[in-house]
Amino acid sequence: MKKDKYMELYEYLDNYKEMTLQLISKVNEDNDINELLDQRAKILDEIKKINFYKEEINENKEVISIFELDKKLEILLKKKKAEVKKQIDIIRKNREARKKYNGINGNLKIFSAKG
């Protein structure tokens, strides 16, 4: 028995929503999200194969909540990206300071050597 295309769409949308919720959770926990992103991309590919018009999909209330979750995920990912960039900048500054300190330390040894 072949599934009704609307039922199939609903199942894909439900899976996509669940993946998005899992992504939000994993991002909050600083876990790897690559596998979930790949699975979500596959779901989108399957939805494209069903041959719905964009208007039909956008009218679905489930899609509206998915759009809201996607926006939440996007904001969260941007926030995490900014945090990581800030940490990288701090590490870079510490590394530069250490190099300068070691350079000064090396020069002081030359002047203090007994000759």
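## A helical chain, element by element

K80 lies in helix α4. K80 is buried, with a relative accessible area of 18%. Buried means under 20% relative accessible area, exposed means over 50%, and partly exposed is in between, with a 1.4 Å probe and protein chains only. Residues up to four places away in sequence aside, K80 touches V27, N28 and D30. Contact here means heavy atoms within 4.5 Å.

This is a predicted model, in which local features need pLDDT of at least 70 and side-chain atom pairs count only at pLDDT 80 or more, while totals for chains, interfaces and linings use all residues. Residues are numbered from 1 along each chain as its sequence is written, and side-chain values use heavy atoms, with hydrogens and water left out.

**The chain as a whole**

The chain has 4 helices and 0 strands. From the N terminus on, the order is α-α-α-α. Helices (H or I, at least four residues) and strands (E, at least two) are DSSP runs, numbered from the N terminus. Of the 115 residues in the chain, 21% are buried. Take the contacts between residues at least 6 apart in sequence: 74% of them join residues at least 24 apart.

**Helix α1**

α1 has 24 residues. From its first C-alpha to its last it reaches 35 Å, close to the 34 Å expected at 1.5 Å a residue. The expected span is 1.5 Å times one less than the number of residues in the helix. The buried residues in α1 are L9, Y12, L13, Y16, M19, T20, L23, I24 and V27. Just after α1, D30 takes a positive phi of about 60°. D30 is also one of the residues that K80 touches.

**Helix α2**

α2 covers residues 34-49, 16 residues in number. Its reach from first C-alpha to last is 23 Å, close to the expected 22 Å. L36, R40, I43 and I47 are buried in α2. Why do these buried residues line one face of the helix? Seen down the axis of α2, they fall within an arc of 55°, so they share that face. The arc is that of the directions from the helix axis to the C-beta atoms. An α-helix has 3.6 residues a turn, so residues three or four places apart point the same way.

The face of α2 turned away from the buried side carries the exposed residues E35, K42, K48 and K49. N51 follows α2 and has a positive phi, near 65°.

R40 lies in α2. R40 is buried, at 13% relative accessible area. Leaving out residues up to four places away in sequence, R40 touches Y16, M19, T20, L23, D70 and L73. I43, with neighbours within four places left aside, is in contact with Y12, N15, Y16 and M19.

N34 also has its place in α2.

| Residue | Relative accessible area | Class |
|---|---|---|
| R40 | 13% | buried |
| K80 | 18% | buried |
| N34 | 46% | partly exposed |
| F67 | 46% | partly exposed |

**The core**

A nonpolar core is a set of buried Ala, Val, Leu, Ile, Met, Phe, Trp, Tyr and Cys residues joined through side-chain atoms within 4.5 Å. The largest one has 20 residues. Which of them touch the most other members? They are L9, L13, I43, I47 and I57. The elements giving two or more residues to this core are α1 (5-28), α2 and α4 (61-112). α1 gives the largest share, 8 residues.

**The pocket**

The largest pocket has a volume of about 220 Å³. On a 1 Å grid over the protein atoms alone, a pocket is an open set of points where a 1.4 Å probe fits, with protein on both sides within 12 Å along at least five of seven lines, and lining residues have an atom within 4 Å of a point. Grid points are joined across faces, edges and corners, and the volume is the space filled by probe spheres set on the points.

Among the lining residues are L13, Y16, L44, I47, K54, I57, F67 and D70. α1, α2, α3 (54-58) and α4 each supply at least two residues of the lining. The largest share, 4 residues, comes from α4.

F67 sits in α4. F67 and K17 are 50 residues apart in sequence and 9.3 Å apart in space, C-alpha to C-alpha.
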